[in-house]
Amino acid sequence: MSKKANYSYVGISFIILLFGILFIPKIIDRISNKDINRNYESRSGSVLKNTEAPTSVDKLDYLVINGKRKKVPNFSFTDQNGNTITNNDYLGKVYIVEFFFTTCPTICPRMNRNLVDIQNTFKNETDFGVASFSIMPETDTPEKLKEYAQNYGITNPDWHLMTGDKQNIYNLANIGFNIFVDVENFEHSGDFALVDKNGFLRSRKDNFGNPKIFYKGVISEQEKVDEDGNPQEISMLKEDIAKLLKE
């Protein structure tokens, strides 16, 4: 074996010896003081903090556009009883907003059956209401709306089915509530909007921390999911109504 190899072994042995002298006492000291897991516990704490479920359910969020909380714009329409109803009539109440028409054969009956279910859940709450706006006001007269209300079992005195100027209703949907309504084809969204007692649009946050904004109104609690596998959100909406009623 060459002298160079011997020198290498000696050098390695010296390094190992030096490591033992410097670090083994420190390791023994940390074990004896139960400090060996300190850094691990600290890292675990930070990971748990970052993976906690979002607190979106605890407090409902606002819809913020251009730095301002979205508030229900002024409106004035005629309800099923022939009374003039404005946005001020809903102040102090938590309410759901929908756009529909009485002759709609597809999603509207499902939406309004779900709303009747919600109505019955909060039948003892005097601060809960519904605002239903017809997108076919030329045929949905107050008389027609009253008949519709009776057929569906609408009994809440603060559930107003409203008719009025068509363009104003469409502007209210598309601009005021950001709920899609197609003027030409009488198409509309099956979503509900939720409004708090001060007239602000509210919702819980999604898994990414953004406000949901709307709640699916077509799928019932009994159905659980639709044909595409989308889950119902009526239970979620009921929970959030209850939260706003307590504010």
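Let me begin with E98, which lies in strand β6, the run of residues 94–100, and let me say at once that what we are looking at is a predicted model. E98 is buried, and yet it has no salt bridge, since the nearest side chain of opposite charge, that of R113, is 12 Å away. What does the side chain of E98 make a polar contact with? The partner is the side chain of S132, at 2.7 Å. Leaving aside residues up to four places away in sequence, E98 touches M111, N112, L115, A131, S132, F133, W159 and F192.

Now to the aromatic rings, where the count comes to 12 pairs.

Since F99 lies in strand β6 and F133 in strand β7, the pair ties together parts that are 34 residues apart in sequence. F99 is buried, with a relative accessible area of 1%, and F133 is buried as well, at 0%. Ring pairs join F99 and F133 with F75, F77, Y90, Y95 and F177 in a cluster.

Finally, two charges over rings: the charged end of R69 sits over the ring of Y62, 3.7 Å from its centre, and K212 lies over the face of Y215, at 5.9 Å from the ring centre.

Notes
Residues numbered from 1 in each chain as written. Predicted model: local features only at pLDDT ≥ 70, side-chain atom pairs only at ≥ 80, totals over all residues. Heavy atoms only, no water. Helix = DSSP H or I, 4+ residues; strand = E, 2+ residues; numbered from the N terminus. Buried < 20%, exposed > 50% of the residue type's maximum accessible area, 1.4 Å probe, protein only. Lys, Arg positive; Asp, Glu negative; His and termini not counted. Salt bridge = Lys/Arg side-chain N within 4 Å of Asp/Glu carboxyl O. Polar contact = N/O pair within 3.5 Å; in protein donor to acceptor, adjacent residues only side chain to side chain. Contact = heavy atoms within 4.5 Å. Phe/Tyr/Trp six-rings, centres within 6.5 Å; stacked < 30°, edge-to-face > 60°. Lys NZ or Arg CZ within 6 Å of the ring centre and 35° of its normal.
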